[in-house]
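Hi,

Here's the structure I said I'd pass along. Have a look at it first, then read my notes below.

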Amino acid sequence: MTNLPLWIIPLFPLLGTILLGAIAVISSGSKKGPSEGFVGALSVLFPVISFVCVVLLAFGMPEEGIRETLCNWIDIPMLKVDIGFLFDGLSRVMLLFVTGIGSLIALYSIGYMHGDRGFTRFFAYINLFLFSMIVLVLSDSLLLTFLGWEGVGLCSYLLIGFWNHDLNNCKAANKAFIVNRVGDIGFLLGMLCLATLGGSAILNYEALNKFVEMLIAGGHVELAAPILMIAGLLFFVGCTGKSAQIPLLTWLPDAMAGPTPVSALIHAATMVTSGVYLLARLSRMFVLVPEVLLVILIVGMLTAFWAAVAGLFQNDIKKVLAYSTISQLGYMFMAAGASAFDASIFHVFTHAFFKAALFLGAGAVIHSLAGEQDMRRMGGLIKKTPVTACVMIFAFLAIIGFPGFAGFWSKDLILERLYTNAPFGEFFYFAGLLTAVITAVYMGRLIIMTFFGEYRGSKESEEHIHEAPASMLVPMVILAFGAVFAGYLWADSMGIKFFANTLAPVVGEAQSYSLGAAIHHVNALTFACFGTAAALLGMIIAYVVYGRARIPQISAKESSAPVGSKADWTFFFDYIHEIFITITKAAAFIADMVVDKILQAIQWTVGSIAEIVGDGVSTFQVRKVRVQLTLSLLGVAALVAVVLLTGGLF
Amino acid sequence: MLLHLLVLAPFAAAILMIATSKEDPKSSSRLAFLFGFAFVAMSIALIASGNQATEAIEWFHIPGAKGAVYYYLYSHGLGAWMVFLSSALSLVALMTARNSLDKNYRNFAIGIFALMGAMNGTFLAADAVLFFFFFEAMVFPAAVLIAGFGGKERRKAAMTFAIYTLVGSAPMMVALWYLITLADNSLVLSLAVALQNLDPATQTTLLLCFLLAFLVKTPIFPFHGWQAITYAEAPAPLSAILTGAMSKAGVFGFIAWILPIFPLSMEVVDSMMWLGLVTAIYGALMALRATDGKKLLAFSSMSHLGLAVAGVFSLSESMLPAVLVLLVAHGLSAGAQFYLMGIAERFAGTRDIEQLGGLAARNPVFGSLFGFLAVLSLAVPGTAGFVGEFTVLMSLWDMGPLPALAAGLCLILSATYMLRFVQKVIFGKPAREYEDGKRMTAIEGSSIGVMGVLLLVFGMHPAFITNALQLFDESAVQEMNKLTHPAEDAQTVEASADTTGEAIADENIAAVAQPMTDDDLRQLDSNLKANGFSDEERASLIAQLKNMSESEVADAQEEGALEQNEANVKEASENE
Amino acid sequence: MELQPIYIQILALVIFTIGLIVALSRRNIFFVLMGIELALNAVNLSFVGFAKTLPADMSVAGQIFPLFLIAVAAAEACVGLALVILIFRNRESVDSDNYSNMKG
């Protein structure tokens, strides 16, 4: 069973991309398009095969993982990189949920995208995304990871701008790609920085770990620390771009312009967590530079808090979830910053389930309301769409960390590690706890505004509300199960440490290096109590504030964007980005209107001088051919005379 | 034989094309495609068959020069790939022009073949005068094609183009003539030797004269005045050739002529690198504001080529393969984008991107292809552009973090303008009503698609490109040496051939002949220490290295002037 | 009295000068052509005259050369006249002073 080659995992989505892309292009001329059943079956089949391969490999995986070098990629004097795959505890976890959730969401999309003109194109992109994501987590070197890294960014761009006849979607897509590009340059320079330290060979993870070991064994950590610190910061810039952390987080809320399954798959469950994956993958390097970890910790905390508050102000159901994603990612970064890499990956894992379930639920709601996204026009949907409501409520309980649900285990673990591991642990712990309260508030607001109370939309639209089709419900229910039970893979207070053991070979050494001997022993139950209290407090606040308040009817035209000081908070980082955009525009303006005009003026001056001189000379060109002939004969005679007199020029 | 065919046969093809019907593009296009395919096949054969040279045939004497001018062609990896670009882009140009030009297709094909012959000659010439001859000859077919087939302001564009490039290379002609009067003949080696004996001021003057020609041709800021208007007004297939192949002649000139002949001082290398980076950023900024689709692509090309020039003057170990991959990738992607822009212009009747839009809905196959190639030009990993830009970035990182940061900024800007371009052209809704023009035909689409696939293939396996790379191999250097020093005995010829061959081959002579400085040793020591070597091991290793480098210094001193020259080049890069 | 070679050269020079003056001074393009023809023939004469000074076996070359020249001159006259006719058709004039297209 284990002798399956690793390249077979990315192969199938790639085949799917090529096949579906070909179908999409060929059928684009015809009015009707290819049969949706056929295309849908194909597009689910490939991720499912991948998933099966991953499962087969996962169960037969030896402790130290499987390594496989496929072929040489780049081979020039300064850069030798192979295309190789690495299947270990970390990539196993990531692959399982990437392909698993990917398959589920592909299934869901068949129902969601029904009747869309770009049905085939959509699934081609989804398959391409899965291919890139698999390459990202499966590769054994930074450069190949970067291939997946930019690949998922590209797919994100394509899918956000999927409905490209509306330019607003295109603008959101452009923003996502460009902001990500800024982060990607950080990644790129980080790689170069590492390469100066140990040559291009240490772009390979295994070699990098060996190199770090050598540094530690030789006691040369201080020597390498400055370069490692720059490299670490640059990589972190890359992570902030992809995982929407401060300051590169503005693109994620806008990315909700894409179809909802895309938001679930790419902008909640998988792609945005690749930054956390990278931190865990490079954990050996990061623990050598605690300063960088502190930066990550602070950025994670600020992001988590800021996004949670911003989530309170949103009226668009998907925007709430987007800010919630950013906030949860902040938690993961806090965990990584406290060198609890396994806890951060665990949160990635549980978050993938409940956030995907939330998004798919939101998608089902939007689907049933024929595209309405403003929560102020919803309400009372629990009667009309009970299954969706149940799924959402389970996922809601998971995200706020209600005892027993997935989020409870992972979030409490993170808070506990913050308290024990991090410098100024108490401070970060309370910041995390406060954020948890706010999380419960805004999620409670979402649930209350959507599913409880009275329906606030127009009367005609109320009649059309219907439960989603089965192909959409099945994945949602499965994910809801995940949201409930995924946490039991690492239920610390119950003594189950399956998940931790899986990751131990990858991040264990890094964590023990970082913590040294001083491991605090704390009572996990205390933390569980505090966490539960925070969740309950948040729920109560949400009920008190939103449960009873009458939400005013709004006119059909009003936009869902927040206004006033709420907008200032929400768009704070957009304003900062705006400064950079203005600078770039000003530079472009100067280049175009000043520098270029000066150059043109010089060009024109030289040209006119030549013209004036030419005019002058051309008056020598007397009108009569005969006279010219005479002059030229005289010239010949003069030349001959000179040659005769001087005895030759040469 | 292949070399002769590639240089001379295009001219023959141009003459043969006269025999075909002027009125009926059907027959003439068949013949043109046939020739085009033959040339592409030959260029692939040239790449596959590795380095080769023709016999050096005496062509004529220049008054005042000691030796003859040779008709001497030489193919190395760099030149061979450039020849591939010129022939492949010409073929696709012939294919896409078939539907845009009905009447004068024959004349267009004649011009394209003449241009191709001149370009191939430029990239394959081993003799400086021959090189210059073809370098200038390129201008005329191009200018005639612009004036004959261009847009509204075609005459002005053709004049600007011709005058700019000809004036730019005029100083080079004078400098070359001056050098030839001193050298034994006009091959690289003799020119380099001749330059040794000049005083530094003269050397610098000559260098500037040479540089100017290539700066204008590439073009590099601030000599880019001709570029935007020329690329915009030229017919799109020609613009593709101009940017994909002809502008490479500038970068090619830096690598194949400037670097081997001139000992470059640190200031020159540094300022050239920064000039390249400024061009890269300036081009990107201009592209951000451009509203004419072809001008936007022109500025994008300028930006990429600026990066390539900066890469060349990083003089790092992997500069050559890095720049070569970048050039090939840019040639294919920028060329394809110009073709596509031409098709968009034909379809919508305008090339103003504010007036375009919605092509993805109106013409979905075209939209997909357009998006696909835009993505390929963004240097997304897995495409050849990424390999090129990453390796160039790596070379620049060697020069310090600041150049690398500037190049990184340029990558961000390139994403910005390219996405804006894509959005304006194929997304959204059309800005105005218009009659659909001719759609993209299958042959156009597939030929451009093949270019895209090639970019992917080279991106996943750049060894196809980099393996071909050996700028000067031994046999050719020996041949040149025989022409340079006919009287000397075989022994010395052999020796100097070896060293120069290596030196020019990978710019890496310092690793062989440059003595290690104390700083280097200290650096090495700390590296070793970091890797856990014990004290005794390190001490003995370093003593050994010191001995070696001392003996090398002695050797190097014996080797004489030529060697020194190469070392200077190296030193420049080494100091950095 | 033997014909002195110098006389032949003097004659050739006179004819050449007449041809040149005609070519330069007349405005009618046909006269210009005639003048050029005359100058050419003067050169032929000069060739033959010099050939006469050489020993018999070598002088052959000098006498054959004018034959070639006459053939070339014929071709040249052909082309020249054809050009003149074309120009005349365009310009309706045989006045060479009117042919001033090249001026600025």
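Predicted model: local features only at pLDDT ≥ 70, side-chain atom pairs only at ≥ 80, totals over all residues.

Of the 650 residues in chain A, 55% are buried. If you take the contacts in chain A with a separation of 6 or more, 81% of them are between residues 24 or more positions apart.

Now for where the two chains meet. Chain A puts 46 residues into the contact and chain B puts in 49. On the chain B side, several helices supply at least two residues each, among them helix 13 (266-289), helix 15 (319-348) and helix 25 (518-530). Helix 19 of chain B gives the most, with eight residues. By type, that side of chain B splits into 29 nonpolar, 15 polar and five charged residues.

Then there's the largest nonpolar core, which has 438 residues. Ala356(A), Ala357(A), Ala395(A), Ala483(A) and Val323(B) touch the most other members. Helix 15 of chain B makes the largest contribution to this core, at 21 residues. Both domain 1 (1-262) and domain 2 (264-469) of chain B put in at least three residues each.

Leaving aside residues up to four places away in sequence, Ala356(A) touches Ile101(A), Ile105(A), Ala264(A), Ala268(A), Ala269(A) and Leu479(A).

Cheers

Note on methods:
Residues numbered from 1 in each chain as written. Chains lettered and ligands numbered in written order. Buried ≥ 20, exposed ≤ 12 C-beta atoms within 10 Å, placed from the backbone. Contact = placed C-beta atoms within 7 Å. Helix = DSSP H or I, 4+ residues; strand = E, 2+ residues; numbered from the N terminus. Nonpolar A, V, L, I, M, F, W, Y, C, P; charged D, E, K, R; others polar. Core = buried A, V, L, I, M, F, W, Y, C linked by C-beta atoms within 7 Å. Domains from an automatic or database assignment.
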